[in-house]
Amino acid sequence: MTRCAYCPRLIAPGTEAGRDGYNHPVCVDCAAGDDAPGPETEACAFCGRGRDEAAVLVVGPGVAICDECVRLCGEIVAEQRPAPSGPDGRAR
Ligand SMILES: [Zn+2]
Ligand SMILES: [Zn+2]
């Protein structure tokens, strides 16, 4: 017995409507409903680029970020991180 990826419903064998982009089982109701959740999170939460537009889209639980924004975040972290001071106390 499998469970629908979009609702808590159990999918009886043979009634599975199909699979989503992640190969998760989808029940008949969720496959038919226009209000089914899912691909909404497949866009970068920072710039809004979708899977087709971003070269790489890192998808987490309910959120996604594209490679461009990951790079930008890396730069911001590098800029804002306090400069590490060496053993002699001097900032590098
Ligand atoms: Zn469902
Ligand atoms: Zn982005």
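Trainee: In what order do the elements of the chain run from the N terminus on?

Mentor: Reading a chain begins with listing its elements in order, and in this predicted model they run β-β-β-β-α-β-β-α from the N terminus on. That makes two helices and six strands in the chain.

Trainee: How do β5 and β6 pair, in the parallel or the antiparallel sense?

Mentor: Strand β5, residues 57-60, pairs with β6 in the antiparallel sense, over four bridges. Within this pairing, Val58 has Ile65 of β6 as its bridge partner. The two strands form a hairpin with two residues between them, and Gly62 in the turn has a positive phi of about 75°.

Trainee: Which residue other than glycine has a positive phi, and where does it lie?

Mentor: Asn23 has a phi near 65°, a positive value in a residue that is not glycine. Asn23 belongs to the loop between β3 (18-19) and β4 (25-26). A residue counts as exposed if 12 or fewer other C-beta atoms lie within 10 Å of its own, and Asn23, with 7 of them within that distance, is therefore exposed.

Trainee: Which residues make up the largest nonpolar core?

Mentor: That core has seven residues in all, namely Ala43, Cys44, Ala54, Leu57, Ala64, Ile65 and Cys66. Strand β6, residues 63-66, supplies the largest share of this core, with three residues. For the chain as a whole, 12% of the 92 residues count as buried.

Trainee: What does Ala45 touch, leaving aside residues up to four places away in sequence?

Mentor: With those sequence neighbours left out, Ala45 touches Val63, Ala64 and Ile65. Ala45 itself sits in the loop between α1 (28-32) and β5, and its C-alpha atom is separated by 6.4 Å from that of Val63, although the two residues are 18 residues apart along the chain. Ala45 counts as partly exposed because it has 13 C-beta neighbours inside 10 Å. As for contacts across the chain with a separation of 6 or more, 7% of them are between residues 24 or more positions apart.

Trainee: How far apart are the end C-alpha atoms of helix α2, and how many of its residues are buried?

Mentor: The way to read a helix is to compare its expected span with the distance between its ends: at 1.5 Å a residue, the 14 residues of α2 (residues 67-80) should span 20 Å, and its end C-alpha atoms are 20 Å apart, which agrees. The number of buried residues among the 14 of α2 is zero, so this helix lies largely in the open.

Methods:
Residues numbered from 1 in each chain as written. Chains lettered and ligands numbered in written order. Predicted model: local features only at pLDDT ≥ 70, side-chain atom pairs only at ≥ 80, totals over all residues. Core = buried A, V, L, I, M, F, W, Y, C linked by C-beta atoms within 7 Å. Buried ≥ 20, exposed ≤ 12 C-beta atoms within 10 Å, placed from the backbone. Expected span 1.5 Å × (residues − 1). Pairing = 2+ DSSP bridges. Contact = placed C-beta atoms within 7 Å.
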